[in-house]
Amino acid sequence: MSDGFPKIAVAGENSLIIYFSDRPSSALSSLIVHTSEHLNHQFGEWLIDLVPSYTSLLVIYDPLLTDHHQVRRAIRHAIQQSPASTDHSEGHTIELPVYYSVESGPDLTRLAEAAQISTEEVIAIHGQTDYLVYTIGFAPGFAYLGEVDPRIAAPRLTTPRTRVPRGAVAIADRQTAVYPAPSPGGWNIIGLCPTPLFDPNLEPSMPFKIGDSVRFTAIDREQFLQMGGCETDLKSEIL
Amino acid sequence: MRGIVKGLAVIQPGIQSLVQDRGRFGFHAIGLTTGGPMDYSAFRWANRLCGNDDSAACIEVLMGGLVLQAQIATQIAVTGAEIPLAINHQSVDCWRSHCLHPGDRIELGHATAGCRAYLAATGGFDFQPSFGSAATVVREGLGGPNGDGQALKAGGILPCSPSVETPCLALDKAYQPAYLENTASLRVVLGYQQASFSQAQQQLFFNSDYRLSADCDRMGFRLAGAAINSSTTSLLSEGICLGAIQFPGDGQPIVLMRDRQTIGGYPKIGSVLSIDLDRMAQLQPGATVRFEPIGIERAHNLIHLSERRFHNTPLIEITD
């Protein structure tokens, strides 16, 4: 690594954030996961939590049991122990079915118009990439996937919707994601996925982890309903 | 499942009463937030007055209106917001424990200062944890009486074990926090993208009054005042710690609280000190706050001192 990376900065009274680079990549995600696992195994009760993301890792510690000097040293050690170049073929590929349509994807037509292509082409382009799980957050089971083909990349809505249905498959800039639960949201919706993405009673509670890949496959309305999709989420326009 | 569950019966749940324990830790990587008490100090005082440590679950009562009936003999204490408390229609003090007998009725009125009260019982309330904690996070559908993120409901039971009668404990008025003034000075540990805010913008931020908007909840407190701009235009989403102050495009600060999202992409200038978040959690909409910058070394010292103060503050034994 170069350009002064990795950098360690204070985030708060009990947190340091490590910046590994300014550009995300699958190799970098792999390095961040390794460093995160290393810290998790190496350190005992002073470690409270870890938040891996695109290019950074937030390390949350107990300031009554340790201090930022000791944690910085631990982080430097963990980075040294992580392999310089990591094999990133170890992730799994998860297939998620999507019912792409105008009735399940209220923004599909607008995206097609903006790109001057047909809605069928938008669907084909979205489905042809294996997306990397860069990070999980915002809500349980919400995976940030990238990167979306620039032809169908679209900025967030200027006014977010107050309710996005469970399973909404959406695009924001060059990221794509599936909303695991109904929530407010400002991403562009192009379809619905019937697969549950977060179940606290299952182990593991979600089908993917950072470093895995996600591939979307198109299904029709009937398959969507058979797979447990909810009819009321279709045309439920979704203000 | 368990046998007949006994404890305190919920007659009226009030505006929003939530089960909260210390919080949920170790699950940020799958997107779970921590939850936990908005005013940690009041929470731990309620527990200490009942002889519990910080791991016991309490009820966080927003603004008041909670009515309970005891089914067993136990002790309870209410701390936090200034709130009228009555047992069997007799007005009694907060910040001390009270012995309850089966059939006793406990009523919390409406908060006159502050906005969150904490009710603890000896031994803690016994709810099935989800991901290691009973802390209620409504947005995630986790924690609470049924583990599905719901607030208390009329007809529910707060399970707890009967306890033997021991002397009641009280915290002297001199040590109790005062919530009457609806203002606060909040210390900020500088960090994150601090360098992306110019000197002039930082001076403006630390010398301006900010008002709490109506948009304040367990996730974050949205403030209104001088707009602050960062030179960072695009930031890749990154981990958010407790108290982080983020500035969206409109330059109005948002302080991220116990139910914050785990990651976000707005520039942050640093994070409010946890002990000051306790005070902030008790402010009502319209309150004015000021921010004061501090470094990490001072923050560590302040946290250690606060912890020592808590453990070394004496409690008064009451025999009535």
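Colleague: What makes chain B a chain of two domains, and where do they run?

Modeller: Chain B is divided into domain 1 (7-174) and domain 2 (183-309), with bounds that come from an automatic or database domain assignment. This is a predicted model, in which local features need pLDDT of at least 70 and side-chain atom pairs count only at pLDDT 80 or more, while totals for chains, interfaces and linings use all residues. Residues are numbered from 1 along each chain as its sequence is written, and chains are lettered from A and ligands numbered from 1 in the order in which they are written.

Colleague: How do you know which residues of domain 1 of chain B are in contact with domain 2 of chain B, and how many are there?

Modeller: Two residues are in contact if their C-beta atoms, placed from the backbone, lie within 7 Å; by that rule 18 residues of domain 1 of chain B are in contact with 14 residues of domain 2 of chain B. On the domain 1 side, α1 and β10 (113-121) of chain B each supply at least two residues, helices (H or I, at least four residues) and strands (E, at least two) being DSSP runs numbered from the N terminus. The C-alpha centres of the two domains of chain B lie 28 Å apart.

Colleague: Why is helix α1 of chain B called mostly covered?

Modeller: A residue is buried if 20 or more other C-beta atoms lie within 10 Å of its own, exposed if 12 or fewer, and partly exposed in between, with C-beta atoms placed from the backbone. In α1 (residues 40-49) of chain B, 10 of its 10 residues are buried, among them B:Phe43, B:Arg44 and B:Trp45, so the helix meets the definition. Just after α1(B), B:Gly51 takes a positive phi of about 80°. Across the 320 residues of chain B, 50% count as buried.

Colleague: What radius of gyration does chain B have, and how does that compare with a compact globule?

Modeller: The radius is taken over C-alpha atoms, and the globule rule is 2.2 Å times the number of residues to the power 0.38. With 320 residues, a compact globule would have a radius of gyration near 20 Å, and because chain B has 20 Å, the two agree.

Colleague: How many residues of chain B are in contact with chain A, and which element gives the largest share?

Modeller: Under the contact rule already stated, 34 residues of chain B are in contact with 36 residues of chain A. The largest share of the side of chain B that touches chain A, six residues, comes from α4(B).
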